[in-house]
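Hi,

Here is the structure I said I would pass on. Have a look, and my notes on its charged pairs follow below.

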Amino acid sequence: MRLALAQLNTLVGDLAGNGQSILEAARQANRNHADLLITPELSLWGYPPRDLLLQQERVEQQGAILDGLCQALAREQLHLSILIGAVEPTGDGFRPALYNAVVLVEATGWRPVARKQLLPSYDVFDERRYFRPGDEPCLLSLPNGVRIGLTICEDLWVDPSLQGGRLAGPDPVAALIAEQPDLMINLAASPFSADKPALRDALAAQAAQRLGCPVVYLNQVGGNDELVFDGASFVVDARGSKQLQLQSCGEDLQTWTLSDRLNDGSASTSASQLSPADNSDPLELLFRVLVLGVRDYTRKCGFQRALLGLSGGIDSALVAVIAAAALGAENISALLMPSPWSSQGSIDDAEALATRLGLTTSTLPIQGVMEAFDPALEPALGGAPSGVTAENLQSRIRGTLLMAVANQQGQLLLTTGNKSELAVGYCTLYGDMNGGLAVIGDLYKTSVFALCDWIDSAQASACRASFDLPHQGDLIGEEIRLKPPSAELRPDQKDSDSLPDYPLLDGLLRRMIEDRVSESTLIADGADPVLVQRIAGLLKRAEFKRRQAAPLLKVSPQAFGSGWRLPIASS
């Protein structure tokens, strides 16, 4: 049996458009003589559809789209079947009223063939809000005699020793052992984080060994709001060895052949087809994920161009490079907004970076606007604003200018703050936090430095060239990479005046945020008690800022997005 794996980039809620993408994949698969086309989890809806699932009209539209696909297969004489991720209404009047399902589409009609059994409701997932769990193993027997075990995303994540815990509930892989499938397919929508690729490989390999058959893992690709799906679908044989690898961070369609059962009961497979991208550098993969996230968020929200503030610092430099790679330098504009406290070095660095990237820039000095605020505020303050108030006014002036230009020119404003700043509140509401997307809001400052060092290394040359970026010499620039971080909101200001050095700060923040380690445990492990209590206090007090922040691209196991759910007012 010849399978086609369609790694699709779907638009959430666009059932008609996603249906057309599936049909085009079916045409290509038919040209490649495939018997079965498979698509990712909820591929007809795009993942995650969230409260769109509560719109009854859209659920009803699904049936019409599936009917249309059946008719197209018959009309165009496409001699294959399709597995599509869809929803299945329960029909009993109780809530949740849907199953997260797989339907089999053929020229003669369509029918549900699998229901997701393990429904994640942790981190960014909230599937129990919408779905009821399936309660039995899902085995699809095809007319050619091939028996396929069907699982959906989380159904594969059942090994606590590999993943550090699992959902309570059945083991869908174990339930298939007695069915003796020839093949197991896992249709997934698994968002990126740095540890995911290796973990998916291990889980699929173990499932293959438990079942004694190959495993096909098919993942969604593309950015949907804060989540970026890296694709990287694959096939492993019955021993867990990889036989096929689809690309990361791009749509892909490849075919793979399942041969007859061998005498020993194991399934034979076609020759290995591995892509060189399977072993890509983690920093290159991170860069490609961020580029994909910016590109898809921009186009799926209806923008073609983006704007950012360029300060000469490392954060805005990294965002500028990512944006140029995602949208093309010709579609990126930058504002330089120097104040009396901006160093000439920072202004020169920002201009040089824009020249290297080919960005359009405008320079808007803000001293006159700053001075206009003093008399306006004096009656209320009894004097000119000073201290942190004056510093925040500079940031808010810049944020207002950026929003005005973005509004006037129809651009998406990209905010340039990093995760370290968001964690401790080293950012200004209605100022540098302004924007429609926080590109590096899930990167600690030390990660920003590491990624910029990689971008300027020889190892990044081919990747830069693939995005039509200058691929020889520095792109970020040594002056920016080696400069001590500073917001330049007062004379001779450095970040280290207000915060611990970033390696120390980020180490503590990772344990507090990603690992949820308590203050007492950190202190028992040897951390400075005063510093721990100070950072924990800053982290808590900044919650109200993060609640109002722009959506950020999630690239870590725990981001400040929909998966971070702490109260603002709490003890």
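A quick definition before the details: I call it a salt bridge when a side-chain nitrogen of Lys or Arg is within 4 Å of a carboxyl oxygen of Asp or Glu. Keep in mind that this is a predicted model. Searching the whole structure turned up 28 salt bridges.

One of them joins the side chains of Asp171 and Arg210, with 2.8 Å from N to O. Those two come from distant parts of the chain, 39 residues apart: Asp171 is in the loop between helix H3 and helix H4, while Arg210 belongs to helix H5. Arg210 is partly exposed, at 28% relative accessible area.

Helix H5 turns up again in the next pair. Asp201 and Lys242 form a salt bridge at 3.0 Å, N to O. Because Asp201 lies in helix H5 and Lys242 in strand E13, this pair ties together parts 41 residues apart in sequence. Asp201 is partly exposed, with a relative accessible area of 26%, whereas Lys242 counts as buried at 16%.

Then there is Glu514 with Lys419, also a salt bridge, at 3.0 Å from N to O. Glu514 sits in the loop between helix H15 and helix H16 and Lys419 in helix H11, so the link spans 95 residues of sequence. Glu514 is partly exposed at 22% relative accessibility; Lys419, at 0%, counts as buried.

Cheers

Definitions and conventions. Residues are numbered from 1 along each chain as its sequence is written. This is a predicted model: local features need pLDDT of at least 70, side-chain atom pairs count only at pLDDT 80 or more; totals for chains, interfaces and linings use all residues. Side-chain values use heavy atoms; hydrogens and water are left out. Helices (H or I, at least four residues) and strands (E, at least two) are DSSP runs, numbered from the N terminus. Buried means under 20% relative accessible area, exposed over 50%, partly exposed in between (1.4 Å probe, protein chains only).
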